[in-house]
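Student: Before we discuss this structure, could you show me the sequence and the coordinates? I would then like to go through the rings, the core and the pockets in turn.

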Amino acid sequence: MTPIKNVVIGISTYGPFLRAEALIRGISGNLDKGIEPQIVLCDDGTPNAASVRTRETFCRSWNVSFIHNETNLGIPAVWNKLLNFDSSADLLMIFSDGVRVGLPGWLPRIIHFFNNNENVGTIGLPCIPTPTFNDGDSQWLNPPGRVGAAVGCAFAVRPKDMLQVENPDGTFGYWEDLISFHEEIHAGFKLAERGLLSYMLPWPPVHYRGGMAFGAHEELVWRDPSPYLPMDEFLYWVRQGGWYV
């Protein structure tokens, strides 16, 4: 088991720049001494050219690497770009731009867990819906919990492990056919098939306002039917749900 030294923090973003800016400021302000990760921001095809230029300028001033996709490729495609930004890195920490980091100690705990446990696939940070909370609550004292897949908005994985995961279409890494939904679940279970299990840490929490990009940009919600899930099979499963109309 290789001790973790080289860490990349990857951020996926789309739309207004302020979300990513706030996250980068929070990450940078809550890094512990002795840890100097490389931060990478990947813009997934934001159509506003001025916003993209603002992102690029901000990243340059904050020593953050910047990747810009000309068109929207979807979340797993962004994650694959972050995996391959430095595939030799010991660890990749992925954040969605709706996350806010307000406490130190999160990265040392993740590194410690990987360094002191075998066969770890992904590790996620607990998410809370508001930026305020009671740090005396007993829930923060729980041990790490085993899960099928760590939460997709704030988690870590070893690039070398994820890049060995083969998908139904023969590609490796995150399955890009999923585009925007369930990619972390698929990856978690594919890693589990390889004997690499996933966990959630109990502390420290991050504030996450889920679905901000989807709520503001309807074009991200829709997709063409997938050849791996025919429409008749898709409709069968949709109709099993209690919310089906």
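Student: Which residues do ring pairs link into a cluster?

Tutor: The model is a predicted one, and by the ring-centre rule its count comes to 10 aromatic pairs. Among the residues concerned, ring pairs link three into a cluster, namely Trp79, Phe155 and Tyr174.

Student: Is the aromatic pair of Phe58 and Trp62 stacked or tilted?

Tutor: The rings of Phe58 and Trp62 lie 5.3 Å apart, centre to centre, with 25° between the planes. Planes under 30 degrees apart count as stacked, so the class of the Phe58 and Trp62 pair is stacked.

Student: How many residues apart in sequence are the parts that the pair of Phe113 and Tyr199 ties together?

Tutor: Phe113 and Tyr199 form a tilted pair, 5.1 Å centre to centre with 55° between the planes, and both residues are buried. Phe113 belongs to helix α4, whereas Tyr199 belongs to strand β10, residues 197–200. The pair therefore ties together parts whose separation in sequence is 86 residues.

Student: Which element gives the largest share of the largest nonpolar core?

Tutor: This core has 34 residues, of which Ile27, Met93, Phe95, Trp106, Ile110 and Leu125 touch the most other members. The elements that give two or more residues to the core include α1 (18–29), β4 (91–96) and α4 (106–116). The largest share, 6 residues, comes from α4.

Student: Which residues does Ile27 touch, not counting residues up to four places away in sequence?

Tutor: Ile27 is one of the residues that touch the most other members of the largest nonpolar core. With residues up to four places away in sequence left out, the contacts of Ile27 are Ile9, Ile11, Ile39, Phe95, Val101 and Trp106.

Student: How many residues does the second, separate core have?

Tutor: This second core is separate and includes Leu82, Ala89, Val157 and Tyr174. Tyr174 is also one of the residues in the ring cluster with Trp79 and Phe155. The number of residues in the second core is 21.

Student: Which residues are the closest to the centre of the largest pocket?

Tutor: About 790 Å³ of space lies in this pocket, and α6 (183–193) and α8 (231–238) each supply at least two residues of its lining. By class, the lining divides into 12 nonpolar, 3 polar and 3 charged residues. Of the 18 lining residues, the closest to the centre are Phe181, His182, Arg223, Leu229 and Phe234.

Student: How many nonpolar, polar and charged residues are in the lining of the second largest pocket?

Tutor: The second largest pocket has a volume of about 520 Å³, and among its 29 lining residues the closest to the centre are Ser12, Ile75, Ser96, Tyr208 and Phe214. Two or more lining residues come from each of β1, α3 (75–85), α6 and α7 (212–216). By class, the lining holds 12 nonpolar, 11 polar and 6 charged residues.

Student: Is Ser96 buried or exposed?

Tutor: Ser96 lies in strand β4 and touches Ser12, Leu23, Gly152, Cys153 and Tyr208, not counting residues up to four places away in sequence. Buried means under 20% relative accessible area, and because Ser96 has 16% relative accessibility, Ser96 counts as buried.

Definitions and conventions. Residues are numbered from 1 along each chain as its sequence is written. This is a predicted model: local features need pLDDT of at least 70, side-chain atom pairs count only at pLDDT 80 or more; totals for chains, interfaces and linings use all residues. Side-chain values use heavy atoms; hydrogens and water are left out. A nonpolar core is a set of buried Ala, Val, Leu, Ile, Met, Phe, Trp, Tyr and Cys residues joined through side-chain atoms within 4.5 Å. Buried means under 20% relative accessible area, exposed over 50%, partly exposed in between (1.4 Å probe, protein chains only). Helices (H or I, at least four residues) and strands (E, at least two) are DSSP runs, numbered from the N terminus. Contact means heavy atoms within 4.5 Å. On a 1 Å grid over the protein atoms alone, a cavity is a set of points where a 1.4 Å probe fits but cannot get out, and a pocket is an open set with protein on both sides within 12 Å along at least five of seven lines; lining residues have an atom within 4 Å of a point. Grid points are joined across faces, edges and corners, and a volume is the space filled by probe spheres set on the points. Ala, Val, Leu, Ile, Met, Phe, Trp, Tyr, Cys and Pro count as nonpolar, Asp, Glu, Lys and Arg as charged, and the others, Gly among them, as polar. Rings of Phe, Tyr and Trp (its six-membered ring) pair if their centres lie within 6.5 Å; planes under 30 degrees apart count as stacked, over 60 as edge-to-face and the rest as tilted.
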